Amino acid sequence: MNNNDYMIRLETAKDYREVETLAREAFWNVSVPGCNEHYFIHVMRQHKDYIPELAYVMEMDGKIIGCIMYTKAELADENGNIKPIVSMGPLCIHPDYQRRGYSKALLEHTFEIVKSMGYDTVINFGNPDNYVARGYKSCKKYNVCFEGDVFQAALLVKVLRDDALDGRKWFYHPNNADEPCGNTEAVAEFDKLFPPKVKAWQPSQEEFYIHSHAFLRD
Ligand SMILES: CC(C)(COP(=O)(O)OP(=O)(O)OC[C@H]1O[C@@H](n2cnc3c(N)ncnc32)[C@H](O)[C@@H]1OP(=O)(O)O)[C@@H](O)C(=O)NCCC(=O)NCCS
(Lines give C-alpha, C1' and ligand atoms only; values in the text may rest on other atoms or scores of the structure.)
Protein backbone atom coordinates (compact mmCIF):
# COMPACT_ATOMS: atom_id res chain seq x y z
CA MET A 1 0.00 0.00 0.00
CA ASN A 2 1.29 3.45 -0.95
CA ASN A 3 0.22 6.93 -0.06
CA ASN A 4 2.14 10.15 -0.54
CA ASP A 5 3.96 9.78 2.76
CA TYR A 6 4.70 6.15 3.22
CA MET A 7 4.64 2.63 1.86
CA ILE A 8 3.33 -0.37 3.80
CA ARG A 9 4.96 -3.58 2.62
CA LEU A 10 5.88 -7.05 3.83
CA GLU A 11 9.06 -7.37 5.85
CA THR A 12 11.92 -9.14 4.07
CA ALA A 13 15.01 -10.81 5.53
CA LYS A 14 17.06 -7.77 4.50
CA ASP A 15 14.97 -5.63 6.88
CA TYR A 16 15.51 -7.77 9.97
CA ARG A 17 18.21 -5.74 11.73
CA GLU A 18 16.65 -2.40 10.77
CA VAL A 19 13.32 -3.54 12.20
CA GLU A 20 14.97 -4.74 15.42
CA THR A 21 16.77 -1.39 15.73
CA LEU A 22 13.49 0.45 15.21
CA ALA A 23 11.75 -1.68 17.88
CA ARG A 24 14.59 -0.97 20.31
CA GLU A 25 14.25 2.78 19.70
CA ALA A 26 10.46 2.71 20.07
CA PHE A 27 10.21 0.47 23.14
CA TRP A 28 13.28 1.67 25.02
CA ASN A 29 12.35 2.56 28.64
CA VAL A 30 8.61 2.49 27.80
CA SER A 31 7.52 -0.51 29.92
CA VAL A 32 10.69 -1.21 31.88
CA PRO A 33 14.18 0.34 31.96
CA GLY A 34 15.61 -0.72 28.58
CA CYS A 35 13.47 -3.17 26.62
CA ASN A 36 13.44 -6.67 25.16
CA GLU A 37 11.12 -6.24 22.17
CA HIS A 38 14.01 -6.19 19.67
CA TYR A 39 15.08 -9.60 21.00
CA PHE A 40 11.47 -10.78 21.03
CA ILE A 41 11.13 -9.94 17.33
CA HIS A 42 14.48 -11.61 16.62
CA VAL A 43 13.50 -14.94 18.21
CA MET A 44 9.83 -14.84 17.27
CA ARG A 45 10.66 -15.14 13.57
CA GLN A 46 11.83 -18.73 14.23
CA HIS A 47 8.79 -19.71 16.30
CA LYS A 48 6.31 -22.19 14.85
CA ASP A 49 3.40 -19.81 15.46
CA TYR A 50 5.00 -16.81 13.77
CA ILE A 51 3.05 -15.59 10.72
CA PRO A 52 5.51 -14.10 8.20
CA GLU A 53 2.61 -13.20 5.87
CA LEU A 54 1.54 -10.67 8.50
CA ALA A 55 4.92 -9.07 9.23
CA TYR A 56 4.57 -5.60 7.74
CA VAL A 57 6.79 -2.56 7.79
CA MET A 58 6.07 1.08 7.09
CA GLU A 59 8.73 2.73 4.97
CA MET A 60 9.29 6.44 4.49
CA ASP A 61 12.08 7.94 2.37
CA GLY A 62 13.75 4.54 2.26
CA LYS A 63 13.74 4.22 6.06
CA ILE A 64 11.62 1.82 8.12
CA ILE A 65 9.64 3.85 10.66
CA GLY A 66 7.05 1.30 11.78
CA CYS A 67 6.42 -2.42 12.06
CA ILE A 68 3.77 -4.89 13.10
CA MET A 69 3.84 -8.64 13.70
CA TYR A 70 1.37 -11.38 14.46
CA THR A 71 1.51 -14.93 15.80
CA LYS A 72 -1.03 -17.74 15.94
CA ALA A 73 -2.89 -18.33 19.21
CA GLU A 74 -6.08 -20.07 20.35
CA LEU A 75 -9.29 -19.59 22.23
CA ALA A 76 -10.74 -22.67 23.95
CA ASP A 77 -14.31 -22.89 25.23
CA GLU A 78 -15.46 -24.82 28.30
CA ASN A 79 -16.13 -27.90 26.18
CA GLY A 80 -12.64 -27.87 24.76
CA ASN A 81 -13.62 -26.50 21.35
CA ILE A 82 -10.73 -24.58 19.85
CA LYS A 83 -10.95 -21.41 17.82
CA PRO A 84 -7.76 -20.33 16.02
CA ILE A 85 -7.08 -16.61 16.38
CA VAL A 86 -4.13 -14.27 15.98
CA SER A 87 -2.19 -12.39 18.58
CA MET A 88 -0.92 -8.96 17.52
CA GLY A 89 2.43 -7.55 18.55
CA PRO A 90 4.90 -6.08 18.73
CA LEU A 91 3.60 -2.96 17.02
CA CYS A 92 5.72 0.17 17.02
CA ILE A 93 6.34 3.48 15.34
CA HIS A 94 9.64 5.32 15.62
CA PRO A 95 9.42 8.02 18.35
CA ASP A 96 10.01 10.81 15.79
CA TYR A 97 6.88 9.77 13.89
CA GLN A 98 4.35 8.95 16.61
CA ARG A 99 0.85 10.48 16.97
CA ARG A 100 0.35 10.93 13.22
CA GLY A 101 -1.95 7.98 12.61
CA TYR A 102 0.76 5.64 11.34
CA SER A 103 0.07 2.77 13.72
CA LYS A 104 -3.61 3.13 12.83
CA ALA A 105 -2.67 2.67 9.18
CA LEU A 106 -0.55 -0.42 9.94
CA LEU A 107 -3.32 -1.97 12.03
CA GLU A 108 -6.05 -1.30 9.49
CA HIS A 109 -3.93 -2.57 6.60
CA THR A 110 -3.06 -5.81 8.35
CA PHE A 111 -6.56 -6.40 9.77
CA GLU A 112 -7.77 -6.76 6.17
CA ILE A 113 -5.13 -9.40 5.52
CA VAL A 114 -5.88 -11.17 8.80
CA LYS A 115 -9.52 -11.35 7.67
CA SER A 116 -8.59 -12.65 4.22
CA MET A 117 -6.62 -15.43 5.93
CA GLY A 118 -9.83 -16.59 7.61
CA TYR A 119 -9.31 -15.23 11.13
CA ASP A 120 -11.96 -13.09 12.78
CA THR A 121 -10.42 -12.32 16.18
CA VAL A 122 -7.26 -10.46 17.16
CA ILE A 123 -5.97 -10.34 20.72
CA ASN A 124 -3.22 -8.41 22.34
CA PHE A 125 -1.94 -7.62 25.76
CA GLY A 126 -1.16 -3.94 25.99
CA ASN A 127 -2.03 -0.43 27.06
CA PRO A 128 -5.75 0.13 26.26
CA ASP A 129 -5.02 3.81 25.45
CA ASN A 130 -3.24 2.68 22.31
CA TYR A 131 -6.01 0.41 21.07
CA VAL A 132 -9.54 1.41 22.06
CA ALA A 133 -9.71 3.94 19.23
CA ARG A 134 -9.03 1.04 16.83
CA GLY A 135 -12.12 -0.83 18.02
CA TYR A 136 -10.42 -3.07 20.56
CA LYS A 137 -12.58 -3.83 23.57
CA SER A 138 -11.95 -5.16 27.02
CA CYS A 139 -11.72 -8.95 27.13
CA LYS A 140 -14.59 -8.89 29.64
CA LYS A 141 -16.97 -7.54 26.99
CA TYR A 142 -16.43 -10.73 24.98
CA ASN A 143 -16.13 -13.09 27.94
CA VAL A 144 -12.52 -13.90 27.02
CA CYS A 145 -10.16 -14.63 29.89
CA PHE A 146 -6.98 -16.40 30.84
CA GLU A 147 -7.24 -19.85 32.41
CA GLY A 148 -8.56 -19.54 35.98
CA ASP A 149 -11.18 -16.95 34.95
CA VAL A 150 -8.61 -14.19 34.98
CA PHE A 151 -9.87 -11.11 33.13
CA GLN A 152 -6.91 -8.79 32.89
CA ALA A 153 -7.29 -5.11 32.07
CA ALA A 154 -4.53 -5.30 29.45
CA LEU A 155 -6.14 -8.23 27.61
CA LEU A 156 -7.74 -6.56 24.60
CA VAL A 157 -9.91 -8.10 21.91
CA LYS A 158 -10.64 -6.87 18.41
CA VAL A 159 -13.30 -8.70 16.43
CA LEU A 160 -13.16 -8.45 12.65
CA ARG A 161 -16.75 -9.74 12.21
CA ASP A 162 -19.73 -8.88 14.41
CA ASP A 163 -20.52 -12.56 15.01
CA ALA A 164 -16.92 -13.62 15.73
CA LEU A 165 -17.56 -14.34 19.41
CA ASP A 166 -20.94 -15.50 20.65
CA GLY A 167 -20.81 -14.67 24.36
CA ARG A 168 -19.74 -18.09 25.59
CA LYS A 169 -16.68 -18.09 27.83
CA TRP A 170 -13.44 -18.42 25.95
CA PHE A 171 -10.06 -19.07 27.51
CA TYR A 172 -7.19 -17.34 25.77
CA HIS A 173 -4.23 -19.64 25.14
CA PRO A 174 -1.32 -17.47 24.07
CA ASN A 175 1.61 -19.10 22.34
CA ASN A 176 4.99 -19.20 24.06
CA ALA A 177 6.89 -17.12 21.48
CA ASP A 178 7.98 -14.65 24.16
CA GLU A 179 9.42 -17.30 26.47
CA PRO A 180 13.07 -16.64 25.43
CA CYS A 181 12.64 -13.03 26.62
CA GLY A 182 12.67 -14.36 30.18
CA ASN A 183 16.36 -15.13 29.69
CA THR A 184 17.77 -11.77 30.75
CA GLU A 185 21.35 -12.80 29.92
CA ALA A 186 20.38 -13.65 26.34
CA VAL A 187 18.54 -10.34 26.03
CA ALA A 188 21.58 -8.44 27.38
CA GLU A 189 23.94 -10.32 25.05
CA PHE A 190 21.73 -9.53 22.04
CA ASP A 191 21.50 -5.89 23.09
CA LYS A 192 25.29 -5.59 22.80
CA LEU A 193 24.88 -5.82 19.02
CA PHE A 194 23.28 -2.36 19.07
CA PRO A 195 24.70 1.09 19.94
CA PRO A 196 24.88 1.75 23.71
CA LYS A 197 21.72 3.22 25.20
CA VAL A 198 21.00 4.36 28.76
CA LYS A 199 18.37 2.48 30.76
CA ALA A 200 16.24 4.83 32.84
CA TRP A 201 12.95 5.12 34.66
CA GLN A 202 10.06 7.00 33.10
CA PRO A 203 6.39 7.33 34.15
CA SER A 204 5.09 5.05 31.36
CA GLN A 205 6.70 2.16 33.27
CA GLU A 206 4.36 2.72 36.20
CA GLU A 207 1.45 3.00 33.77
CA PHE A 208 2.46 -0.33 32.23
CA TYR A 209 2.74 -1.93 35.67
CA ILE A 210 -0.76 -0.76 36.58
CA HIS A 211 -2.32 -1.96 33.32
CA SER A 212 -0.57 -5.31 33.34
CA HIS A 213 -1.44 -6.04 36.99
CA ALA A 214 -5.06 -4.84 36.93
CA PHE A 215 -7.98 -7.28 36.90
CA LEU A 216 -11.56 -6.67 35.84
CA ARG A 217 -14.72 -7.65 37.68
CA ASP A 218 -18.40 -7.05 37.04
C1 LIG B 1 1.75 2.91 20.64
C2 LIG B 1 2.21 3.33 19.25
C3 LIG B 1 2.38 2.10 18.37
C4 LIG B 1 1.13 4.26 18.67
O5 LIG B 1 1.56 4.60 17.36
P6 LIG B 1 1.14 6.00 16.73
O7 LIG B 1 1.45 5.95 15.27
O8 LIG B 1 1.77 7.08 17.52
O9 LIG B 1 -0.43 5.97 16.96
P10 LIG B 1 -1.50 6.73 16.09
O11 LIG B 1 -0.98 8.09 15.75
O12 LIG B 1 -1.94 5.85 14.96
O13 LIG B 1 -2.66 6.84 17.15
C14 LIG B 1 -3.34 5.73 17.59
C15 LIG B 1 -4.42 6.11 18.59
O16 LIG B 1 -3.92 5.92 19.89
C17 LIG B 1 -4.04 7.12 20.65
N18 LIG B 1 -2.76 7.29 21.29
C19 LIG B 1 -1.55 7.16 20.72
N20 LIG B 1 -0.60 7.37 21.66
C21 LIG B 1 -1.24 7.64 22.82
C22 LIG B 1 -0.81 7.93 24.14
N23 LIG B 1 0.49 8.00 24.45
N24 LIG B 1 -1.75 8.15 25.10
C25 LIG B 1 -3.06 8.10 24.79
N26 LIG B 1 -3.51 7.81 23.56
C27 LIG B 1 -2.62 7.59 22.59
C28 LIG B 1 -4.32 8.24 19.70
O29 LIG B 1 -5.27 9.10 20.29
C30 LIG B 1 -4.87 7.55 18.48
O31 LIG B 1 -6.25 7.53 18.53
P32 LIG B 1 -7.10 8.39 17.45
O33 LIG B 1 -6.88 7.74 16.12
O34 LIG B 1 -8.48 8.32 17.96
O35 LIG B 1 -6.51 9.78 17.50
C36 LIG B 1 3.52 4.16 19.31
O37 LIG B 1 3.33 5.23 20.20
C38 LIG B 1 4.72 3.33 19.78
O39 LIG B 1 5.40 2.73 18.97
N40 LIG B 1 4.98 3.34 21.10
C41 LIG B 1 6.11 2.61 21.67
C42 LIG B 1 5.94 1.13 21.55
C43 LIG B 1 4.61 0.67 22.13
O44 LIG B 1 4.24 1.02 23.24
N45 LIG B 1 3.89 -0.15 21.33
C46 LIG B 1 2.60 -0.69 21.73
C47 LIG B 1 2.73 -1.87 22.62
S48 LIG B 1 1.28 -2.08 23.66
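Predicted model: local features only at pLDDT ≥ 70, side-chain atom pairs only at ≥ 80, totals over all residues.
Residues are numbered from 1 along each chain as its sequence is written.

The protein chain holds 5 helices and 9 strands; helices (H or I, at least four residues) and strands (E, at least two) are DSSP runs, numbered from the N terminus. Read from the N terminus, the order is β-α-α-β-β-β-α-β-β-β-β-β-α-α. The C-alpha trace spans about 50 × 35 × 30 Å along its principal axes. For 218 residues, a compact globule would have a radius of gyration near 17 Å, and the chain agrees with its 17 Å. That radius is taken over C-alpha atoms, and the globule rule is 2.2 Å times the number of residues to the power 0.38.

Two packed helices are described by the angle between their axes and the distance between the axes. H1 and H2 (residues 37–44) pack at about 150°, with axes 7 Å apart; axes are lines fitted to C-alpha atoms, for helices over the stretch in contact, and angles run from 0 to 180 degrees between N-to-C directions. The two helices are therefore roughly antiparallel, a term for angles over 145 degrees. On the H1 side, Val 19, Glu 20, Ala 23, Arg 24 and Phe 27 meet Glu 37, His 38, Ile 41 and His 42 of H2, contact being C-beta atoms, placed from the backbone, within 7 Å. These contact residues divide into 4 nonpolar, 2 polar and 3 charged; Ala, Val, Leu, Ile, Met, Phe, Trp, Tyr, Cys and Pro count as nonpolar, Asp, Glu, Lys and Arg as charged, and the others, Gly among them, as polar.

In the loop between H1 and H2 lies Asn 29, which has a positive phi of about 65° although it is not a glycine. Elsewhere, a cis peptide bond with omega of about -5° joins Gly 89 and Pro 90, and Pro 90 is in strand S4.

Around the ligand are 18 residues, of which Cys 92, Gln 98, Ser 103, Gly 126 and Ala 133 come nearest; a residue is near if its C-beta atom, placed from the backbone, lies within 6 Å. Helix H1 (16–27), strand S4 (82–93) and helix H3 (102–116) each give two or more residues to this shell. By class, the shell has 8 nonpolar, 6 polar and 4 charged residues.

Key:
Parallel < 35°, antiparallel > 145°, perpendicular 65-115°, else oblique. Contact = placed C-beta atoms within 7 Å.
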